[in-house]
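Dear colleague,

I am handing over the structure we spoke about, and I would be glad if you kept it open while you read the notes below.

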Amino acid sequence: MTKSALITGITGQDGSYLAELLLEKGYTVHGLVRRSSTFSTERIDHIYQDVHDNPNLLLHYGDLTDGQALTNLVLDIQPDEIYNLGAQSHVRVSFDQPVYTLQAVGVGALNVLEAARLLDKQKSVRVYQASSSEMYGDVMETPQKETTPFNPQSPYACAKVYAFHQTVNYRRSYDLYASNGILFNHESERRGETFVTRKITRAAGRIKVGLQDKLYLGNMDAKRDWGYAKDYVEGMWRILQHSEPDDFVLATGRTETVRDFCRLVFEQLDMNYEDHVEIDPRYFRPAEVELLLGDCTKAKEKLGWTATTDLEELARIMTQHDYELAQREAHSKTFVPN
Ligand code: NDP
Ligand code: GDR
């Protein structure tokens with residue numbers, strides 16, 4: 001029988017890759033989309049089908065903060081799996097919007113769990129919660145694994161810790177199949193342009209073709225464990241196929257600084273980042289997570305999952321994509337129809 005899944009955050013980086021993966025596996029995919037005055041579906045336009053053509057990707061308006069509508073939707077579509085990827089996911093922005101971040105990330109996850117608990121009385125459902133390495137914050141041990149204590153350093157991370165514990169709580173209290181994936185940073189050519197890797201690859205491409213000269217960054221000494229988003233959505237799916245609900249770290253096991261990533265990207269385009277990058281304290285955070293490095297031994301042993309794309313390859317994919325994008329931008333700017 002065809003399986004069905006609901007993805008919150010389907011218009012985001014991970015949601016778009018996960019939707020592709022599940023469609024390839026023959027799922028019927030439902031996605032939650034926020035109403036906005038402009039289209040937000042750019043990342044999934046290529047897989048969207050007309051609703052009149054018996055599609056297997058269906059989009060529904062909704063918001064994680066509207067628990068009643070979410071419950072109605074879940075009871076209506078009766079998904080076998082729910083992937084809760086929706087979030088105000090920008091750590092720096094969470095300092096500007098702490099209450100909204102908690103509502104979307106923390107209460108939003110609780111709304112998903114409540115809806116799933118009600119559906120589970122009628123038919124079994126599995127829930128994936130998008131937990132984050134940011135929960136380790138000011139790290140208590142390195143590398144970080146499932147047993148490492150959380151020590152969050154931002155409103156975003158505090159909200160994710162709340163969502164993590166509620167997921168475990170619903171598993172224990174109601175016997176709900178609910179699992180956390182504790183994912184370390186993962187990037188791609190679909191990454192939002194205000195996250196540091198994409199900000200760097202976008203700027204490098206534009207600098208190379210002469211559309212800008214400077215790139216302003218914050219803390220270049222922060223270290224992150226960066227992987228490729230496509231690998232990580234495969235991990236999410238594997239987490240929900242496991243015989244029992246559990247919590248898993250997904251990471252590459254290698255950490256590098258923002259400066260190292262910058263160097264890699266500019267070198268790809270035969271440039272020196274030092275000629276273009278300047279520090280703007282505006283991008284510093286009130287509290288910083290200095291080092292993240294994950295140990296995914298448990299996922300490797302129980303799920304057979306490992307990251308397959310190294311940092312050099314990730315930088316190459318993103319840089320090439322954004323160089324071509326910048327070339328198109330430069331062309332459309334100078335093109336004068338005759
Ligand atoms: P993105 O920021 O790219 O996507 C976030 C998605 O959530 C978008 O579809 C957004 O919709 C949606 N969203 C935001 N607020 C709401 C809301 N109130 N109700 C419904 N939907 C909402 O994030 P990623 O794809 O990178 O990350 C996916 C999830 O994984 C997030 O929960 C993130 O916190 C978590 N995570 C990400 C990691 C990473 O490195 N990428 C690592 C660890 C965890 P819209 O398009 O309308 O803005
Ligand atoms: P992060 O990702 O906070 O790890 O959260 P981000 O790319 O925003 O920052 C990574 C590191 O780079 C430093 N940095 C800058 N960051 C941004 N955004 N812009 C800059 O100009 C800049 N300069 C330096 C940051 O200080 C930080 O140390 C991401 C998100 O996807 C979360 O949702 C997810 O949970 C975690 O990864 C794991």
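Predicted model: local features only at pLDDT ≥ 70, side-chain atom pairs only at ≥ 80, totals over all residues.

Residues are numbered from 1 along each chain as its sequence is written, and chains are lettered from A and ligands numbered from 1 in the order in which they are written.

The domain assignment, which is automatic or taken from a database, gives domain 1 as 4-188 + 227-250 and domain 2 as 196-223 + 254-291 + 309-334. Taken over C-alpha atoms, the centres of domain 1 and domain 2 are 28 Å apart. To their contact (C-beta atoms, placed from the backbone, within 7 Å) domain 1 gives 14 residues and domain 2 gives ten. On the domain 1 side, helix 3 (91-96) and strand 10 (227-228) each supply two or more residues, and helix 3 has the largest share, with three residues; helices (H or I, at least four residues) and strands (E, at least two) are DSSP runs, numbered from the N terminus.

Ligand 2 is surrounded by 22 residues (C-beta atom, placed from the backbone, within 6 Å of the ligand), and the closest are Ser89, Ser132, Val196, Gly218 and Ala222. Helix 3 and helix 6 (196-208) are the elements that give two or more residues to this shell, and each of domain 1 and domain 2 contributes at least three residues to the shell.

With best wishes

Definitions and conventions. Contact = placed C-beta atoms within 7 Å.
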